[in-house]
Amino acid sequence: MLDARAIEKSFATRSGTLTVLAGVTLQLENGASAAIMGPSGSGKSTLLNILGTLEPPTSGALQIDGRDPFTLDNRELGVFRNRTVGLVFQDHHLLPQCSALENVLLPTLAGEADPAAPRRGRELLERVGLADRSDHRPAELSGGERQRVAIARALVNRPRLLLADEPTGNLDRRTADRVADLLVELHAGSDLILIVVTHSETLAARFAQRWELADGRLERQ
Amino acid sequence: MNRSLLLRRSLVYHWRAHLAVTLGVIAAGAALTGALLVGDSMRASLQANALGRLGRVDQVVTGPRFFREALADELNPSVQALAPIIMLRGGVSHATSHARANQVGILGVDDRFWALHATGPTAGEMPRGSKAILNRALADEIGTQLGDAVILRLGKPQDVSVDTLLGRRDQMTTSARLTVVGIVPAEDLGAFELNVQQQTPLNLYVPLEALQRILDQPGKANALLVENKPAAGPLADALAAHVSLADYGLTLRTDAPQGYAALESDAFLIAPAFEQAARQAADACGAKAESILAYLANRITAGGRSIPYSTVAAIPADGETITRLRTPDGAAVHLQPGEILLNAWAASDLAVNAAARVELAYYLSGAFGRLDVSTSAFTLAGTVALTGAAADPGFTPPYPGVTDVRHLADWDPPFPVDLKRLRDRDEHYWDEYRTTPKAFITLADGEKLWAAEHEQHGRTTSLRLWPQGATDLATLSAAFRKELMSRITPAAAGLAVVDVRAVAKEAGRGSTDFSGLFIGFSFFLIIAAILLVALLFRLGAERRAHEIGLLLALGFSPRRVSRMLVAEGAVSAGIGAALGLLAGVGYAKLMILGLRTSWSDAVHAPFLHFAGTAQSYVLGAAITFCVALPALLWGIRNVRRQPASRLLAGAVEAATTRTRRPARGAALTAWLAFAAGLALIAATFFTTAVSAPLAFFGGGSALLVAGIAAAATLLGAEICGTGFQTGLPTTHHTRALLRLGLRSAPRHPGRSLLIIALIASATFVTTAIQAFRMAPADDLTAEHGGTGGFTLIAEAATPLPYDLNTPAGREDLNLAPETRDLLQRSTCMPFRLRGGDAASCLNLYKPTEPRILGVPCAMTHRGGFTFAATEAATAAERDNPWTLLDRDLPDGVIPAIGDEASVMWQLHSGLGKTYTVTDQSGQPRRLRFVALLSGSILQGELLIAEDRFRTLFPAVAGHAYFLIETPPADADRLSHLLETDLEPYAFDVTSARERLADLYAVQNTYLSTFQLLGGLGALLGSFGLIAVMLRNVWERRREYALMQAVGFSQRALVTVVLAENAALILGGLAIGVAAALIAIAPRIVADAAHVAWGPMLLLLAGMPLFGICAAAAVLTAALRAPLLPALRRE
């Protein structure tokens, strides 16, 4: 379960403190999926970074499966994120020097060696429809294929929380639909919590809950 | 997929970035390993050169005295091979062309010498007679070919010191005409030389027997060359076992009729050390020892009558001899101080009775052979019968030319004798009694009158031994000889065994640690390379910000990500360090080529060759790798500190809004470093505890840090918005553009600071080095300058016994009238010289026994030269630090002055520190540096007061080193005349200005090397700057595209970007120049006249101009690329 309460995030600027998130509260049960929408600069990515434990909130509490990740030290936080959170970015951030399969397996290198990881990686590539492209480098893949590799990478450690930041933002409509299909398909029947930040109404409509972030506050639509 | 695969993939994919890092590490490795290899090469070359000149000689027995050549045969069973030789310095000129070479090594050798040749053919059989073999260097110097005749001029060995009355000042030099029958290459024994120096020695080889004849030293040598036998015992033991009294110039004469044995010396006076040992030996034998001091009275006068030229014996008032003297009536005699006994012949001649006043007139020798007639009056205590103990000519030791002549009229003493005063009765006395004393005074009176002035030479002319009890004279003599020999070690007697091979090896290590020196020279190059490595790695890491952010986002810990990045860098560094070894070989070979060609002024060592040790290769690679690693860590420091979310967003620097804490920390650092630097530099004005190098390097570095920290503060303030930023002026277009550019400077504070640091360091190094370049001052007559106001420097292979400053001395030296006239207008400052290794920067070898000069009182009173530091405590001492030489220091320590450069770099000592030298008797004597000269012609010499010099080196008589103060217009002519007139002394004159220029050339050449390598470092640093500039342009291409899109011309764009970079360059320059000028302030204050201001100002003006032009060129080229596509991507 994801339980974010009264999350605040502010930044010091030359002209004073800028509050981006002003008490965001969000609770999602296992297996839930949600889309977060909002105008540019509303703090969607900041919220996603906090939920993904990439940066701490200024105040507020976050618990994922009953644990507050920000009480952990850097190393423990890394392990926690590696095991619990899967991230999909607008810019897929694949390592250009690695093949598709190697990119998928990248998170498995952060912890102890897992002999089952390669098999799991291949299965995931198969599930995202890229079994025949596993040896291809990112430069040899299309935008949609790269994003599918990124999704497979996000799932390789069987996370509890999958966060996608504008996963279709850089894709054409058709490809975007396919990636959306894939996300829905992968989520269906699992107890994975899926949160997608998007500008796209179409994409948002594919998920059970839709939230709007405006003026630092999160409102359910 | 595993981590090593990821590592390999990353290495291959980012090969360009890694290649750049590798190249940077190669540059650092090349400079570092190259410097170590230069050190290896210098050491190996110097050692090979020094050892090569020794042939197979391992040890040498040498000293100031001649000894029996037969000693070699006696020692032969104990050693492998042995060659007695005569080894002196002299002058050689071509008999026809008169081309002359001074300071030539004159070697009297035979086939035994050439048998010690190490490699290749020897000179063949050594000829006999008046023949000579020259080495190639000497043959070339005077243009000699086989069959030519050469004139050899050299000093004649003197048994009796010319400082004493009986010294043969008139026979100090000798010459011979020799035919050149061979020319040998100047290598191996053809370059035989004991004083280690890099200059090829000029050698002339004369048959041993011929040189013995020329020097009037039949059957004698002054050195034994020894090749060790593997199983042989210590040579010193063998020498001690075979050496005899004759080898020490001592004779034990027995006079059976008189019943005593007498120890006498070829030096006429028995050296104090020998006398002391002899007294101990006598005690051990149970003999009664008694000193006798015989002297010549020019006149014994009483009652208006006088006797010319008589021996007077000073005997102990309570000794054995006086008990054996009898009055004509057979009664015992007594003698008290102030009393005199005349023998019956003299008493009769003078017609005096007891209690009469008897006056003795005698010569006393003063400085430069000056003879003063002195008189002393005594009361006649009685008359002794001219029989028995009184009728003994043995009171006077043998003296060639006096005691061995048949007639009194045949006397040939080294002082004037008025033969007209001799009467027939004097001749009769001589015929019958020879040197039998006509008068006796107490030993105490004799010592006071005749020995006090030269007591370092001895106070006794013979030591009489009287057997006691039943011991007979023969038994006593044998026992005494044995006891005496056991108490005199060859080393204490001046016959030192020198392990010349060990000395050469040690000296070959060099006076300077060349590895350290070249690491110092290459320091900025190494630092620049390392900074470049850090910078390139940082830029590479920043380009991979997304990748790093991703890894962090995927749960990789920051430490693991760092490790992965550093592992990649380490592979590049490892490859770079390995390849750096190869580049280091090239670098070292280039340096050696430079030292043999362009920089030869610094080392004068054409024999330098490349040689590397495994240790240097391993050390070079290891240090390079170890130095590169922190650079890599620093390179990723910035990205490692960023949160994953920022890295994923492509941000590589800290957030644009910062707290003020780092800026405050930098400000504190700036103030602390500034205060520390200033304090260190200021301390040199008030205390000698802070050395000049410490003040310069320590203080300069601190000021540099202060400046860079201040820049960091300013950049931090800009980021905080509290700096000098103001609104963009709207009325002045160019100023607005410049302001716009300036605002960009703090955007990447790390990079900006790096640029400032690099520029500041480069400026500091080049400015400071330029300030240390020296040029001889124009006014050579200035007493307080590098020449001390002296125009000429002269050195004689044979010391001059007379004074060049007096008409009498010039006459005794037989100078031409023109020379005398010119000298009349000049002042010659004569120094005594103990030869040795030059401790100047012209000598690369480590001096083992440096040259020592005895400073005359006249020089101490005159003063002159510039002092870098002194221990002067009083106003008088500060006014003339030379007077410090007269200080009495505790524990027998002797005050000394040396040139700062020699003392610091060659002798590795300093002001107030002691340095140990070996005196004539092989004893260590401590000198303390009470003052240090600055940039003087006396570099290479240790200076002590002349009276102390005479105590340390009594055998060094006469003066061999001269500083001549003459009008510059007369200098050339006087120089020529002196060399011609004083050719028998191998008198060599050089211009003080030229000597100073030679010395400065060494320093300036080293500085050029430093500057060149510093320049290479700056060049390397500039690659980094270009990389940073290009990176900045690339990162902001969208920004620039926007500006172009809104109508900025390319020129305006360049102005904006240039303003940013020019601010950094000028900031760096200002910091570097300010730090350098403050750091060199002590040098400028002390010696502003020698600072080459013109080139320095040119450098200061040129550097910013060059930097800004280069930046403009790079930026113009970079901004010429089309920018609008970047905007479209946005």
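Biologist: How many residues of chain B are in contact with chain A?
Modeller: In this predicted model, 24 residues of chain B are in contact with 25 residues of chain A. Residues count as in contact if their C-beta atoms lie within 7 Å.

Biologist: Which helices supply the side of chain B that touches chain A?
Modeller: H1, H17 (545-553), H18 and H21 (644-648) of chain B each supply at least two residues. The largest share of that side comes from H1(B), with 6 residues.

Biologist: What classes of residue make up the side of chain B that touches chain A?
Modeller: By class, it has 12 nonpolar, 8 polar and 4 charged residues.

Biologist: Which residues make the contact of H1(B) with H18(B)?
Modeller: H1(B) brings B:Leu7, B:Ser10 and B:Leu11. H18(B) brings B:Met564, B:Ala567, B:Glu568 and B:Val571. By class, this contact has 5 nonpolar, 1 polar and 1 charged residues.

Biologist: Now to chain A. What is the strand order in its open sheet of 6 strands?
Modeller: The order is S5-S6-S7-S3-S8-S9, with mixed pairing.

Biologist: What makes S5 and S9 of chain A edge strands?
Modeller: Count their partners. S5 (85-88) and S9 (217-220) of chain A each have a single partner strand, so one side of each is left without a neighbour in the sheet. The twist averages 20 degrees from one strand to the next.

Biologist: How do you know that S3(A) and S7(A) pair?
Modeller: Two strands pair if there are at least two bridges between them. S3 (residues 33-37) and S7 (residues 193-197) of chain A are joined by 4 bridges, so they pair. These strands run parallel. In S7(A), A:Val197 is the bridge partner of A:Ile36.

Biologist: Back to chain B. Why is B:Asp216 called exposed?
Modeller: B:Asp216 has 12 C-beta neighbours inside 10 Å. A residue is exposed with 12 or fewer, so B:Asp216 counts as exposed. B:Asp216 is found in the loop between H6 (208-215) and S8 (220-227) of chain B. B:Asp216 is not a glycine, yet its phi is positive, about 60 degrees.

Biologist: Why is B:Arg434 called partly exposed?
Modeller: B:Arg434 has 17 other C-beta atoms within 10 Å. Exposed needs 12 or fewer and buried needs 20 or more, so B:Arg434 falls in between. The phi of B:Arg434, near 55 degrees, is also a positive value in a residue other than glycine. B:Arg434 sits in the loop between H11 (424-433) and S16 (439-442) of chain B.

Biologist: What makes B:Ala1001 partly exposed?
Modeller: B:Ala1001 has 18 C-beta neighbours inside 10 Å. B:Ala1001 lies in H33 (residues 992-1035) of chain B.

Biologist: What percentage of chain B is buried?
Modeller: Buried residues make up 52% of the 1130 residues in chain B.

Methods:
Residues are numbered from 1 along each chain as its sequence is written. Chains are lettered from A and ligands numbered from 1 in the order in which they are written. This is a predicted model: local features need pLDDT of at least 70, side-chain atom pairs count only at pLDDT 80 or more; totals for chains, interfaces and linings use all residues. Two residues are in contact if their C-beta atoms, placed from the backbone, lie within 7 Å. Ala, Val, Leu, Ile, Met, Phe, Trp, Tyr, Cys and Pro count as nonpolar, Asp, Glu, Lys and Arg as charged, and the others, Gly among them, as polar. Axes are lines fitted to C-alpha atoms, for helices over the stretch in contact, and angles run from 0 to 180 degrees between N-to-C directions.
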